[in-house]
Amino acid sequence: MKKHVLLYKKLSPALLARLENEVEVTYIDDPASDSLARLREALPQAHGLLGASLKLDAALLDLAPQLEAVASVSVGVDNYDIADLSRRGVKLTNTPDVLTETTADTGFALVLATARRVVELATWVRAGQWTASVGPKHFGTDVHGKTLGIIGMGRIGEALAQRGHFGFNMPVIYHSHSAKPAVDQRFGARHCALDELLREADFICLTLPLTKETTGLIGAREFELMGEDSIFINISRGKVVDEQALIRALQTGQIRAAGLDVFEREPVQTDSPLLALDNVVATPHIGSATHETREAMARCAVDNLLAALRGERPQNLVNP
Ligand SMILES: NC(=O)C1=CN([C@@H]2O[C@H](COP(=O)(O)OP(=O)(O)OC[C@H]3O[C@@H](n4cnc5c(N)ncnc54)[C@H](OP(=O)(O)O)[C@@H]3O)[C@@H](O)[C@H]2O)C=CC1
Ligand SMILES: O=CC(=O)O
């Protein structure tokens with residue numbers, strides 16, 4: 001008999017066919033909203049889950065006694081209690097590598113957009129306010145040659161360093177658990193303590209995972225260490241930052257600008273003070289959101305799940 005998979009992310013017809021070739025599939029549209037009840041109803045039959053953006057807590061897992069594997073369509077695994085999944089004997093997989101370059105592109109788009117005030121000034125042009133040549137009031141700040149500070153020198157951090165070093169001639173400094181000699185050699189980069197990076201970098205980019213250790217890593221004290229010309233970029237997770245402290249730092253001119261793809265609460269609330277600030281570029285968690293990369297992530301998740309359900313070791317097993 002075929003195993004049963006609950007799908008809570010829409011797949012392309014080709015990938016759905018590949019999945020249905022081996023397993024029974026039930027599709028639940030957007031489990032975060034009305035369909036949560038349908039998800040609960042279907043969990044007792046599920047051997048596998050495939051999707052993203054769902055906080056898979058113990059109450060949901062208790063409903064799924066037959067569960068063998070969860071394939072997350074994301075590299076970040078902060079929505080899962082990994083120890084609890086392991087205790088239950090459930091394999092968790094993610095989708096690293098296939099999204100690295102695209103997410104680094106998003107990070108660099110935020111670097112450029114904040115420094116050159118692209119969104120603010122494009123909005124100003126659309127509003128019919130471009131009536132004479134622009135002057136210093138509308139100038140931005142250079143990106144090339146400035147110091148790029150990367151917090152979390154993993155796959156995405158390294159792809160960002162590549163863009164900064166080779167594309168924009170930027171000195172690269174980074175903070176991670178350990179120094180990365182290959183990165184130092186390739187990009188002329190330097191490993192340093194967090195406080196040193198915050199003091200020295202012109203662009204401070206967060207590219208680390210959300211864990212117990214990184215929750216609230218950047219707060220009022222850290223913003224005080226940054227200079228008033230610093231630009232802060234977050235493509236990691238909103239909860240790595242104390243959002244109230246970030247708002248204060250932006251409102252008081254403690255830092256120059258912020259480019260934010262992730263927020264403490266998502267979707268970000270429409271009345272968030274962040275959205276009222278001209279020096280904020282906010283995007284809706286689109287780090288990996290291109291047609292090509294989302295398809296590659298979904299393919300990776302399908303492969304991982306099918307391997308796990310066949311009893312094989314999936315390529316991207318998070319809890320071996
Ligand atoms: N905005 C978006 O749409 C996307 C966001 N992301 C986010 O980006 C994160 C990173 O992805 P990826 O680069 O593939 O992951 P990696 O695991 O390759 O890299 C993460 C790096 O963070 C470092 N790190 C972890 N904890 C700390 C800490 N406490 N202090 C300093 N450094 C730390 C690690 O350093 P070390 O190696 O020294 O241990 C590691 O190199 C994901 O977990 C996800 O949250 C990912 C994709 C898209
Ligand atoms: O935020 C996206 C991810 O893949 O993690």
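What volume does the largest cavity have? I looked this up first. The answer is about 40 Å³. I note that this is a predicted model.

**Entry: cavity**

I searched the whole structure for cavities of 30 Å³ or more and got one. I then listed the lining of the largest cavity. N234, G238, V241, E243 and L246 belong to it, together with L260, V262, F263 and L274. By class, I count six nonpolar residues, two polar and one charged in that lining.

**Entry: ligand 1**

The side chain of D261 puts an N or O atom 2.9 Å from a nitrogen atom of ligand 1. G287 uses its backbone instead: an N or O atom there lies 3.1 Å from an oxygen atom of ligand 1. I then checked how much of ligand 1 is covered. Alone, ligand 1 exposes 930 Å², and the protein buries 86% of that.

**Entry: ligand 2**

What surrounds ligand 2? I find S74, V75, G76, L99, R237 and H285. That shell divides into two nonpolar residues, three polar and one charged.

G76 has a backbone N or O atom 2.8 Å from an oxygen atom of ligand 2. R237 reaches an oxygen atom of ligand 2 with a side-chain N or O atom, also at 2.8 Å. For H285, a polar side-chain atom lies 2.7 Å from an oxygen atom of ligand 2. How much area does ligand 2 expose when taken alone? The figure is 190 Å², of which the protein buries 83%.

I flag H285 for my notes.

**Entry: UniProt record**

I checked the annotation last. An unreviewed UniProt entry places the feature "domain: D-isomer specific 2-hydroxyacid dehydrogenase NAD-binding" at residues 108–287. How far apart are the end C-alpha atoms of residues 108–287? They lie 10 Å apart. I also noted the make-up of this span: 33% helix and 14% strand.

Notes
Residues are numbered from 1 along each chain as its sequence is written. Chains are lettered from A and ligands numbered from 1 in the order in which they are written. This is a predicted model: local features need pLDDT of at least 70, side-chain atom pairs count only at pLDDT 80 or more; totals for chains, interfaces and linings use all residues. Side-chain values use heavy atoms; hydrogens and water are left out. On a 1 Å grid over the protein atoms alone, a cavity is a set of points where a 1.4 Å probe fits but cannot get out, and a pocket is an open set with protein on both sides within 12 Å along at least five of seven lines; lining residues have an atom within 4 Å of a point. Grid points are joined across faces, edges and corners, and a volume is the space filled by probe spheres set on the points. Ala, Val, Leu, Ile, Met, Phe, Trp, Tyr, Cys and Pro count as nonpolar, Asp, Glu, Lys and Arg as charged, and the others, Gly among them, as polar. A residue is near a molecule or strand if one of its heavy atoms lies within 4 Å of it. A polar contact is a pair of N or O atoms within 3.5 Å; within protein, one must be able to donate a hydrogen and the other to accept it, and residues adjacent in sequence count only if both atoms are side-chain atoms. Accessible areas come from the Shrake-Rupley method with a 1.4 Å probe; for residues, only the protein chains shown count as cover. UniProt positions are given in the numbering used here, feature names are shortened, and annotations may be inferred rather than shown by experiment. Helices (H or I, at least four residues) and strands (E, at least two) are DSSP runs, numbered from the N terminus.
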